[in-house]
Amino acid sequence: MSRWLERAARFRLIVFYGAGLAGVAFLLEWMGYRQAMRVHSSEFYVLVIAVLFAALGIWVGHRLTPAARDGNFVPNVRALDSMGISARENEVLALIAAGHSNKMIARQLSISPNTVKTHVARLFEKLDVASRTQAVRKAQMLDLLP
C-alpha cells in the first residue's frame, strides 16, 4: 500500500509542477500576445477583415454558382412554348450553341443558309438578344440548352 501512496504522491507532484509550468508558459505567451497586439494591431485587424471578406466571398460565390447538372437534361418546355420557339428554331439554337456557322447549320439540317438566317433572326427577337453568344447564354439561363 505504501508503494501505491508513494506513486500517487509523485503523480500529484508531477501534475502540480506540470500545471505550474503550463501556467507560466500561458502567462509568457499572453504577455507576448499583448506586446504583439500593441506593435502589430493594425496588421492584425487588416488580416481579420481580409479573412472575413474571403470567407464571405467564398460563401457568396458558392450560393450564386449554379449546381452541376446530372447527365439527364430536360429542356424547359414551358419557356419554349411561352416564347414561341419552334422545334426547328430550337434545333438551330442547339447548333449555334455547338459553335456551328450558318452554312454548317444549313448543311446539317438540309435547309438553305437564308432560312438559317431567318431562324437566327427570329431567335434573336424571341430571346430579346443581339448576338449569338447572348442567345446561347440566355437559352442556358432559361434551361433551353444543357
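**Trp30 and helix α1**

I looked up Trp30 and found it in helix α1, residues 2–64. This is a predicted model, and I read every entry below with that in mind.

Next I checked the surface around it. Trp30 belongs to a nonpolar surface patch of about 1200 Å². I listed the other members as Val24, Phe26, Leu27, Leu28, Met31, Tyr33, Phe44, Tyr45, Val48 and Leu52.

**The core**

I then turned to the largest nonpolar core, which has 21 residues. Which of them touch the most other members? I got Val92, Leu93, Ile96, Ile105, Leu127 and Leu144. I asked where the core residues come from. Helices α2 (77–83), α3, α4 (102–109), α5 and α6 each supply at least two. The largest share is from α5, with five residues. As a general note, nonpolar side chains tend to be buried together in soluble globular proteins.

Setting aside residues up to four places away in sequence, Leu127 touches Met83, Ile85, Leu93, Ala135, Lys138, Leu142 and Leu144. Two of those names, Leu93 and Leu144, I had already written down among the core residues with the most contacts to other members.

**Helix α6**

Ala135 took me to α6, residues 132–141. Its buried residues are Ala135, Val136 and Ala139. What covers the buried residues of α6? The cover includes α3 (87–97) and α5 (113–127).

**Glu89 in α3**

I stayed with α3 and picked Glu89, which lies in that helix. I marked Glu89 as buried, because its relative accessibility is 4% and the cut-off is under 20%. Which residues is Glu89 in contact with, leaving aside neighbours within four places in sequence? I wrote down Gly84, His119, Arg122, Leu123 and Lys126.

**Lys117 in α5**

I moved to α5 and picked out Lys117, which is found there. Lys117 counts as partly exposed, because its relative accessibility is 48%. I also checked its spacing from Ile105, which is 12 residues apart along the chain. The C-alpha atoms of Lys117 and Ile105 are separated by 9.9 Å. Ile105 is one of the core residues that touch the most other members.

**Two positive phi values**

I finished with backbone angles. Ser110 is not a glycine, yet its phi is positive at about 60°. I located Ser110 in the loop between α4 and α5. Ser110 is exposed, because its relative accessible area is 66%.

Asp143 was my second case. Its phi is near 60°, again a positive value in a residue other than glycine. Where does Asp143 lie? I placed Asp143 in the segment after α6. I noted Asp143 as partly exposed, because its relative accessible area is 31%.

Methods:
Residues numbered from 1 in each chain as written. Predicted model: local features only at pLDDT ≥ 70, side-chain atom pairs only at ≥ 80, totals over all residues. Heavy atoms only, no water. Buried < 20%, exposed > 50% of the residue type's maximum accessible area, 1.4 Å probe, protein only. Helix = DSSP H or I, 4+ residues; strand = E, 2+ residues; numbered from the N terminus. Contact = heavy atoms within 4.5 Å. Core = buried A, V, L, I, M, F, W, Y, C linked by side-chain atoms within 4.5 Å. Patch = residues over 30% accessible without salt bridge, like charges linked within 9 Å, V, L, I, M, F, W, Y side chains within 5 Å. Areas by Shrake-Rupley, 256 points an atom, 1.4 Å probe, with all protein chains shown as cover. Salt bridge = Lys/Arg side-chain N within 4 Å of Asp/Glu carboxyl O.
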